[in-house]
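Hi,

Here is the structure I promised to pass on. Have a look at it first, and my notes on the charged side chains follow below.

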Amino acid sequence: MKKFNFSLQKVLDFREFEKKQAEAELGKAVAEETKIQDTLAMIAQAHVSTVQAADSTRDMGELYAAQNYFRLLSQRKEQALTSLAQAQLVTEEKRDAMREAMKNCKVLENLRDKRKSDWKKANQKEEENQIDDIVTAKYGAAK
């Protein structure tokens, strides 16, 4: 019995390579988004700890320093939110690219599976015909 050969195997291999690249790029984009979210969480934690420290002090110099630090945290927060919005857009683009790569790969995989199924049926039919010929030849020769 001859071996199954999918004529578009190289194209399928290339599409699978593209899919793996899309997965890696999506992973990087999600990691960048997570990093920015962690930065926002640290800014929020710094804000809370500064509020607690400012509540317990009566020194005007420390309160003035805390006020300046709040402004700095606010600026950093705005920058991080802008970066997060951009990172989310990039992540969504990468996610769309990943979906497209998966779809392209799945189409070829389905085509390969269908052709392999047809190939198996044709081989089975051919094998049955050969067996029928052998049985017929033996049966016909026995008479």
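**Salt bridges and other charges**

Arg99 and Asp96 pair through their side chains in a salt bridge, 2.6 Å from N to O; the term here means a side-chain nitrogen of Lys or Arg within 4 Å of a carboxyl oxygen of Asp or Glu. Before I go on: this is a predicted model, where local features need pLDDT of at least 70 and side-chain atom pairs count only at pLDDT 80 or more, while totals for chains, interfaces and linings use all residues. Numbering runs from 1 along each chain as its sequence is written, and side-chain values use heavy atoms, with hydrogens and water left out.

Back to that pair. Arg99 and Asp96 sit three residues apart in helix α2, so about one helical turn separates them (helices are DSSP runs of H or I, at least four residues, and strands are runs of E, at least two, numbered from the N terminus). Arg99 is partly exposed at 45% relative accessible area, and Asp96 is partly exposed too, at 39%. For those labels, buried is under 20% relative accessible area, exposed is over 50%, and partly exposed is in between (1.4 Å probe, protein chains only). Both residues also belong to a salt-bridge network with Glu92 and Arg95.

How many salt bridges does a search of the whole structure find? Eight. In helix α1, Glu32 and Lys35 are three residues apart, about one helical turn, and their side chains meet at 4.0 Å, N to O. Glu32 is partly exposed at 37%, whereas Lys35 is exposed at 52%.

Glu33 is buried but has no salt bridge, and the nearest side chain of opposite charge, Arg95, is 5.9 Å away (Lys and Arg count as positive, Asp and Glu as negative; His and the chain ends are not counted). Leaving out residues up to four places away in sequence, Glu33 touches Leu84, Ala87, Gln88 and Thr91, where contact means heavy atoms within 4.5 Å.

Finally, Glu128 in helix α2 (residues 60-142) is partly exposed, with a relative accessible area of 39%.

Cheers
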